[in-house]
Structure formats: structure tokens, C-alpha cells
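Please keep the sequence and the structure at hand while reading.

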Amino acid sequence: MFLAGARNLESKKEWINELNVFPVPDGDTGTNMSLTIKSAADEVKGLESVTLETVSKAISSGSLRGARGNSGVILSQLFRGCSKVWRNEEEITPKNTAAAFQKAVETAYKAVMKPKEGTILTVARGGATKACELVEENPDIEISDLLSQTIRYMDEVLNQTPEMLPVLKEAGVVDSGGQGLVQILKGCLNGFFGIEEEEEEKEEVRKFNYRVEYILNCAKHISKEERLKFVGFLESIGADVAAERCDQGLKVYLNTDDPGAALTKATEYGTMSRIHVINNIDRPVYPLHLFDEKELEEALKNPEEDSEPETASQPDEEGNSSEAAAAGLAAAPGGAAPAPHKDVGFVAVSIGEGLGGIFRDLGVDCLIEGGQTMNPSTEDVMNAVAKVNADTVFILPNNKNIILAAQQAQNLIHDKKIIVIPTKTIPQGITAMIDYMPDKTPAENETAMREEILAVKTVELTYAVRDTRIGDNVIHSGDIMGVGDHGIIAVGKEVDDTAVASLKKMVDSDSELISVYYGKEMSEEKAQALGEKLGEAFPDCDVEVNAGGQPIYYYIISVE
């Protein structure tokens with residue numbers, strides 16, 4: 001049932017991505033949820049002994065480590081709650097199903113500091129409430145009836161989410177996370193009725209000979225239509241296809257019998273780097289992610305008994321990391337001497353060569369490549385922390401959709417003191433690092449950093465991918481948007497004009513500094529010209545222009 005649910009979500013992920021409220025080119029709820037459940041599905045597939053206990057633990061452990069984005073973290077907590085009930089049972093019954101759903105909702109709500117109604121949480125709670133009511137009304141209810149009626153009710157709750165969140169109603173969509181959860185359960189129901197049994201049997205027999213991974217360095221920006229066409233071709237020659245946006249263009253991986261075709265097709269869009277073609281026969285099944293060369297070599301040379309590559313810390317079924325594993329990987333890769341031990345270290349999420357350089361210059365020990373278009377998983381964060389040889393490690397998520405994953409990693413790491421500073425933007429992360437004082441205690445720095453980031457206003461300039469209306473803004477596909485801390489604050493036809501219009505809504509009498517970080521699609525000359533315009537428009541503020549190198553966003557601009 002679980003594997004069928006994972007497959008159904010995978011097949012619907014692009015449709016779920018399209019439910020993104022804001023028409024920005026980075027809707028990723030479907031992708032995040034799909035990668036989260038795939039991590040759990042991979043662990044389930046690797047089980048030697050299949051019992052309700054082992055499956056429950058595998059689902060919980062795999063999803064906790066693979067959780068990406070807020071929707072993925074909430075999904076992992078729902079699975080974790082179900083696991084707490086089902087792992088102690090010998091079989092699934094209507095009664096313990098209702099109890100599992102209830103525990104799932106309790107666990108997920110506890111993981112979110114400020115739960116918002118009209119989201120995946122509301123849909124999940126509706127399902128749990130309905131399941132409990134059905135069992136109470138009829139203790140002898142058949143499990144098939146319980147599941148069917150519960151999912152049908154969750155669909156009804158999902159369709160009501162636009163009435164709970166005005167922004168959904170305005171955009172004409174239901175909640176994307178809630179839709180993802182419903183699609184998982186519909187897939188599970190298909191699995192229960194055996195609808196996918198034939199497909200599962202074929203999947204067991206079919207094993208592609210090669211695993212292909214590479215980064216496609218795009219000659220120009222690839223539109224959503226082009227990316228879907230490219231993915232469609234890859235799916236026609238293989239399986240387990242993913243093409244995620246990254247700094248250079250796309251991270252691509254798939255299983256196939258024709259690696260040449262997968263590589264040749266990519267040349268139509270640009271050049272490739274970090275190419276790996278791996279023989280699938282008689283090798284362990286690895287979770288989906290791109291290895292670097294040394295990591296790949298070590299993983300293939302010394303595969304772990306649990307069929308997973310060596311990582312910084314391997315949690316148990318509850319997600320608790322192994323201190324021994326973490327200590328062992330604190331050393332530099334390739335057998336080099338470990339980094340010198342220090343009291344305090346830093347991990348930050350960033351994307352773009354320029355932004356990465358800024359964080360390194362400010363003292364960040366380990367950078368996680370990611371951001372709005374590619375949210376790192378909980379395990380990615382844990383692996384980064386394990387590479388920092390320090391007693392206390394500060395984590396800067398630098399994106400509101402990564403904070404929950406960072407906090408989940410914080411809860412799973414026990415051999416180091418972890419402090420998550422809830423930075424929602426890159427400029428907030430930079431400010432937090434600037435305000436760190438080595439002579440103060442970690443607790444004092446945490447308080448100061450949390451206070452200082454609140455004074456940072458940020459706007460990101462990007463383009464609209466579809467027509468819509470949000471608030472007073474009528475938006476057409478291709479328009480330039482200024483996306484502020486709390487939504488779209490300006491819309492225009494030209495990047496510079498929209499930037500100026502955005503800052504007019506951000507700069508006030510207390511503003512002193514405007515920092516401009518230009519993206520990979522903007523030249524230094526254009527960025528300096530914008531800097532001069534901002535200096536003229538806001539003469540009481542100093543203006544700094546920095547190379548960011550970020551994809552998707554022409555400029556990231558902060559006001560302090």
C-alpha cells in the first residue's frame with residue numbers, strides 16, 4: 001500500500017507543483033513531498049524481513065531523513081505518528097488505523113510552531129477525525145470502508161481549503177500539500193485493492209542496467225515546458241527520473257538501459273559535468289542524490305550492510321543519529337586529517353558562487369547547496385553538521401521552506417549542541433553571521449542574531465510563470481515581480497523599475513543600508529547601473545552591490 005501511495009504521488013508531483021499560489025518559477029511542493037516519500041520507499045524496498053513493525057520503522061526513519069521543505073517535514077511527521085502506533089501491532093485494523101491517524105496529526109501539529117489552517121495539517125486532521133467517528137459509530141466497520149470513507153472526506157476538506165486561506169481562493173487553487181497527502185492515500189487505497197499488483201510485479205522483474213547522474217549546465221534558462229519535455233524523454237528510456245533545478249541548471253538522474261541516449265539528449269540544452277554512469281547489477285540501491293567523486297568511490301568500495309551509502313550520521317528508526325558515525329565523518333574526505341576542533345561552527349544553506357563566497361568569508365564552515373528551487377533534506381543538514389568539528393553548530397536555513405528541515409535535524413542530532421537561527425532569506429543569514437560575536441556565549445549570540453535578523457527586509461526579483469491576480473496585483477506571464485517577506489509587493493515589465501518600486505515600499509526613515517546581490521543572469525554592469533539608480537532614489541541610504549550568482553532570481557535586495 002505504501003509503495004503504491006509513493007508511486008501515485010510521484011506521477012502527480014508536477015500537477016501538485018502547479019498548485020503553487022505565487023506564480024514564481026519554483027513551485028516545489030510536489031517535488032519535495034515526492035522526494036520525501038521516495039526516501040522512505042527506498043528504505044522499505046530494502047527490508048529483508050517485512051513485518052508491520054519493520055515497515056513502520058522504515059517509513060518513519062526514511063521519511064525523517066529524506067524530508068524536504070515544509071510539506072515534506074510535515075509529511076514525515078505524519079508518517080512518524082502512524083509508526084508510533086502501528087509498529088506495536090501485528091496487523092492493521094480499523095481501530096488501530098483510527099488511532100494511528102490521530103497520533104499522526106498530534107505529532108505533525110507539534111512539529112509546527114504556528115500551525116495554519118487550510119493546509120495539509122487541516123486535511124490530515126479532517127481524516128483523523130472522520131476515521132475516529134467511523135470506528136466509534138461502527139466498531140465492526142471493514143477496513144476498506146474505513147479507508148474509502150476517510151479519504152473521500154479528506155477530499156471534501158481539501159476542497160474547502162480555499163475558504164480557509166484567502167490566498168488560495170484568490171489564486172483559484174486548493175492547498176498543494178493537502179492535495180499531495182490525498183494523492184498518497186488514494187494510491188495506498190489502490191494498493192489495498194490490488195489495483196497496482198500487476199505493476200508492482202513488473203517493477204520487481206524489471207531492473208535497468210545503469211544508473212546515470214549528471215549536472216546539466218544549461219546554455220540558457222530552461223522553461224517549465226522544456227524541462228517537462230526533457231523529463232518526458234528520459235522517462236521514455238528509463239525510470240526513477242528526476243531533473244531538479246540547481247545553480248548550474250539541472251541535476252539529472254535516472255535508471256536506464258541506454259545511458260548514451262540520456263547523455264546525448266542533454267547536449268541539446270547545454271554541457272554536462274559530474275557525470276556518473278553506474279552499473280546497477282549487483283550493487284546496493286542508493287537513495288536518490290548526486291554523489292561527488294570521492295563520496296561515490298567510497299560508497300561503491302565499502303557499501304554499508306543496510307544498502308545505503310556512507311553518510312555523516314545514520315539515524316535509527318526514530319531518527320537518532322549515531323555519534324560514532326558523525327565523529328568518524330568529521331574528518332576531511334579522502335582520509336585527510338580532520339579539521340581543527342573549535343567551540344563553535346556554522347552551517348548555511350546557499351546557492352550561487354558569489355553568495356557562497358560571502359558566507360565562507362564570514363566564517364561559515366560548511367555550505368549546503370540549495371534554496372528556493374531545491375530544498376535540502378533533513379539528512380543533508382545532518383551530514384553538513386557532521387562535517388563541522390565543533391561542540392556547538394549554528395544552522396542558517398536562509399529560506400522559510402527549509403527552517404523545519406533544519407529544526408528536524410536539530411532534534412535528531414545528539415552529539416553536538418545545535419542552534420537553528422530561523423533565517424528566512426539569504427540577507428538575513430548574512431546579517432546573522434556579521435552580528436556573531438566570538439567573545440559571547442552561544443546563547444547570547446543566538447538571542448542577538450534572532451533580534452538582528454528581524455531588522456532585515458528582503459525582496460527578490462523574478463518573473464511570473466502564469467497569469468493570475470493576487471491582492472491588488474494583476475499579473476501576466478512574463479511580468480517581473482518583487483517578492484517581499486510577506487508576498488508580492490510590486491509588479492512591472494522591467495527589472496530595474498520593479499526593483500525601485502519594491503524598495504519604495506520597504507525603505508523608511510530608519511533605513512540605512514541597501515544591499516544588492518545580482519543573479520547569474522545579470523551582468524556586473526547592469527547591477528552597478530541599478531545600484532546607481534537606487535542611490536539616486538534613496539540618497540539617505542548607502543548602496544552596496546555584490547555578485548550573488550543565484551539562479552531564478554535576477555536580484556536579491558535587502559534593506560537594513
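The notes below begin with the basis of the model and then turn to helices and charged pairs.

This is a predicted model, in which local features need pLDDT of at least 70 and side-chain atom pairs count only at pLDDT 80 or more, while totals for chains, interfaces and linings use all residues. Residues are numbered from 1 along each chain as its sequence is written, and side-chain values use heavy atoms, with hydrogens and water left out.

**Packing of α1 and α2**

- Helix α1 (residues 2-17) packs with helix α2 (residues 29-45) at an angle of about 160°, their axes being 8 Å apart; axes are lines fitted to C-alpha atoms, for helices over the stretch in contact, and angles run from 0 to 180 degrees between N-to-C directions.
- That makes α1 roughly antiparallel to α2, a label for angles over 145 degrees.
- Helices here are DSSP runs (H or I, at least four residues), as are strands (E, at least two), numbered from the N terminus.

**Burial of α17**

- Helix α17 (residues 403-412) is mostly covered, with seven of its 10 residues buried, that is, under 20% relative accessible area, whereas exposed means over 50% and partly exposed lies in between (1.4 Å probe, protein chains only).
- The buried residues of α17, including Ile 403, Leu 404 and Leu 412, pack against elements such as α3 (52-66), α5 (94-111) and β7 (390-396).

**Salt bridges**

- The count comes to 18 salt bridges, each a side-chain nitrogen of Lys or Arg within 4 Å of a carboxyl oxygen of Asp or Glu.
- Lys 251 and Glu 369 meet in a salt bridge at 3.8 Å, N to O, and this pair links strand β3 (residues 249-256) with strand β6 (residues 366-369), the two residues being 118 residues apart.
- Lys 251 counts as buried at 17% relative accessibility, whereas Glu 369 counts as partly exposed at 34%.
- Glu 163 and Lys 169 form a salt bridge with their closest N and O atoms 3.3 Å apart, and both residues are exposed.
- A network of salt bridges links Glu 43, Arg 65 and Glu 379.

Terms used
Parallel < 35°, antiparallel > 145°, perpendicular 65-115°, else oblique. Contact = heavy atoms within 4.5 Å.
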